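Visitor: Got a model to look at. Can you walk me through it?
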Amino acid sequence: MNTTHKKTYSVQAVCQWLDTQKIPYQQMTEYQIKIGRINFYPGKGTCFRDGDKTRYPINGLDGLKLLLKEEGFISMNTQ
């Protein structure tokens with residue numbers, strides 16, 4: 001039996017974190033947050049970057065943070 005568990009986050013919690021980091025974003029729907037070219041779906045923990053054919057391979061807030069670092073929104077030292 002597959003017992004893979006994903007940690008999910010509320011849109012509000014992610015928006016609060018983005019606010020504390022002073023990262024500009026748009027809440028596109030009740031399920032989607034848009035940060036530059038990044039689309040994050042907290043309920044599923046999935047990240048997509050505009051122009052990519054597949055989702056980002058790392059889910060959750062960890063994946064979002066890595067994408068934000070790659071896109072230059074946060075420094076490599078940001079927790």
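Visitor: How many bridges pair strand 3 and strand 4, and in which sense?
Guide: First, this is a predicted model: local features need pLDDT of at least 70, side-chain atom pairs count only at pLDDT 80 or more, and totals for chains, interfaces and linings use all residues. Residues are numbered from 1 along each chain as its sequence is written, and side-chain values use heavy atoms, leaving out hydrogens and water. Now the pair: strand 3 (residues 38–41) and strand 4 are antiparallel, with four bridges. Strands pair if DSSP finds at least two bridges between them. Helices (H or I, at least four residues) and strands (E, at least two) are DSSP runs, numbered from the N terminus.

Visitor: What stands opposite Phe-40?
Guide: Cys-47, in strand 4.

Visitor: And the strand order in the sheet?
Guide: The order is 1-2-3-4, in an open antiparallel sheet of four strands. Strand 1 (26–27) and strand 4 (46–49) are the edges, each pairing on one side only.

Visitor: Switching to helix 2. Buried or exposed, mostly?
Guide: Eight of its eleven residues (60–70) are buried, so helix 2 is largely enclosed by the rest of the structure. Buried means under 20% relative accessible area, exposed over 50%, partly exposed in between (1.4 Å probe, protein chains only). Among the buried ones are Leu-61, Leu-64 and Lys-65.

Visitor: What covers them?
Guide: The cover includes helix 1, strand 2, strand 3 and strand 4. Contact means heavy atoms within 4.5 Å.

Visitor: Which non-glycine has a positive phi?
Guide: Lys-22, at about 60°. Most residues other than glycine have a negative phi. Lys-22 sits in the loop between helix 1 and strand 1, and is exposed at 72% relative accessible area.
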